[in-house]
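Here is a short report on helix packing in a predicted model. Two packed helices are described by the angle between their axes and the distance between the axes.

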Amino acid sequence: MYDIAVVTSAPPHLSVEVRLTTTAAESIALSSPAPSLSAGTDVEGLIASDDRGRPLRVQPTAGGFLVAPTTGAVRFRYRLDFQNGVALSSTGSGLNAEHLYAVARGMFVAPDPASYDDARPYPLIWVHFVTPPGWHVVTGWGVDRQVYVPSGSGALLGATVAAAPDYRILADTAGGTPFVLAVRGQRHFADSTLERVVAASLRGAAALLGGVPVPQVTYTADVGSKGRTSGSLQGRSSVGLMWEPGELLERARTHDVFHETLHLWFGGAMEADRWWTEGVTDYFAALLEAQWSGRPADLADLCYQSLRNYRRIVRDTSITMAEEQRENVLGDNTTLLVYRKGMLAGLLLDAAVRRATEGEATLADVARRLLAIARLSPSRLVDDDEIRDAAVEVGGEAAGRVWRRVVAGTSPITEGEVTEALRAVTGLPVTGPAPVAKEQKVLIGHPKP
Ligand SMILES: [Zn+2]
């Protein structure tokens, strides 16, 4: 049982008390949030005792702590400090007097999931929050009489947790699956507009790839700091969106919502190399956004934008996307091959499949095969060989050629072949990149609750 007090007086922090019951007299391995800038949190002063209050020895380990063996109840407590008032990104955490936004992985010192298996199930966890008056907690966990009950270690650590008095909660169903959208802060767009985009992304992705792979999805949308915009899937069903104060819900952010929703499939139901999980996801997001917005030219615009960014990447024809991932090249999504070339690889593979099958099959058919493979394995992992085989099974030698040049190889991608591929996918007379118009901003105010 986790008792978490949200303390907003300076410096804001969480005070966490945990009661754990063990049956075996063995040490307890606890995993701890990584003390990194991106998590935005620090664990301070962890101490443990037995149920009579006698201190237990706590040893720091590489990934957390080891608590000396005892039987019966073990208690430990720690303080979680926040480096930022506002999370720097959707994968980070922030706490101030107005709100909390955190990713569970950055919050919980928890029994190490690696020391549990089928024979020794993960402890049943309850989480109870004590928040300042009027604050509501928003998380994807199930709730039983004001106590949250994550369904296992994955659910405990893979979630977004947010709290504030002014979250505006919208609940709906789309693509056959209930979702909750929690929004706070002032935006240049109405909550209902965001809700429509979220619903469209779930509907579109479910139609393309098969039903939403989780029973419920939570979207948390908060205002981040200026110049920083990001979204991410935490665990398998919590999407966090941190957008800078001046964001518009125009094509760029709409595309982001489709991208994050698609991560429920790629990154959630199926794990793969980053070129697929990020790049091909970006391609499918563009395809769905263009379909939903009724602007078929959006797909071409987004692909040409990707091509422009891809050409600026100096290593565009010297290393493969897999090598870039292995070498841990850092950068944002405009400067990495796995995103920019990955998206174009998705387009070229899709075009090859459609041409080879005269429109009978698409890359989505390949994706559905891969999702079926992922369902058979506990790791949900699908490797590049399996992706290539599925692409060739559906798209034949034409897909194999694209694979060898673009995925396994480093041949340059030309504007001409992108244009050809866009024609094959859209059936439109695409002629080449068009200039992008600047979007207008209109501030929409929300009354204080
Ligand atoms: Zn992503």
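Start with helix H8 (residues 363-375) and helix H9 (residues 384-407). Their axes lie 9 Å apart and the helices pack at an angle of about 135 degrees. An angle over 145 degrees would count as roughly antiparallel. H8 and H9 are therefore oblique to each other. Their crossing is right-handed. On the H8 side, the contact uses Asp365, Val366, Arg369, Leu370 and Ile373. H9 contributes Glu386, Ile387, Ala390, Ala391 and Val394. By class, this contact of H8 with H9 has seven nonpolar and three charged residues, and no polar ones.

Next comes helix H4 (residues 274-293) with helix H5 (residues 297-312). The two axes come within 7 Å and cross at roughly 150 degrees. That angle makes H4 roughly antiparallel to H5. H4 passes H5 in a right-handed crossing. From H4, the contact draws on Ala286, Leu287, Glu289, Ala290 and Ser293. From H5, Asp298, Leu299, Leu302 and Cys303 take part. The residues of the contact of H4 with H5 divide into six nonpolar, one polar and two charged.

The table sets out the geometry of each pair.

| Helix pair | Axis distance | Axis angle |
|---|---|---|
| H8 and H9 | 9 Å apart | about 135 degrees |
| H4 and H5 | within 7 Å | roughly 150 degrees |

Notes: Residues numbered from 1 in each chain as written. Predicted model: local features only at pLDDT ≥ 70, side-chain atom pairs only at ≥ 80, totals over all residues. Axes fitted to C-alpha atoms, helices over the stretch in contact; angles between N-to-C directions. Helix = DSSP H or I, 4+ residues; strand = E, 2+ residues; numbered from the N terminus. Parallel < 35°, antiparallel > 145°, perpendicular 65-115°, else oblique. Left-handed = near helix turned anticlockwise from the far one by under 90°. Contact = placed C-beta atoms within 7 Å. Nonpolar A, V, L, I, M, F, W, Y, C, P; charged D, E, K, R; others polar.
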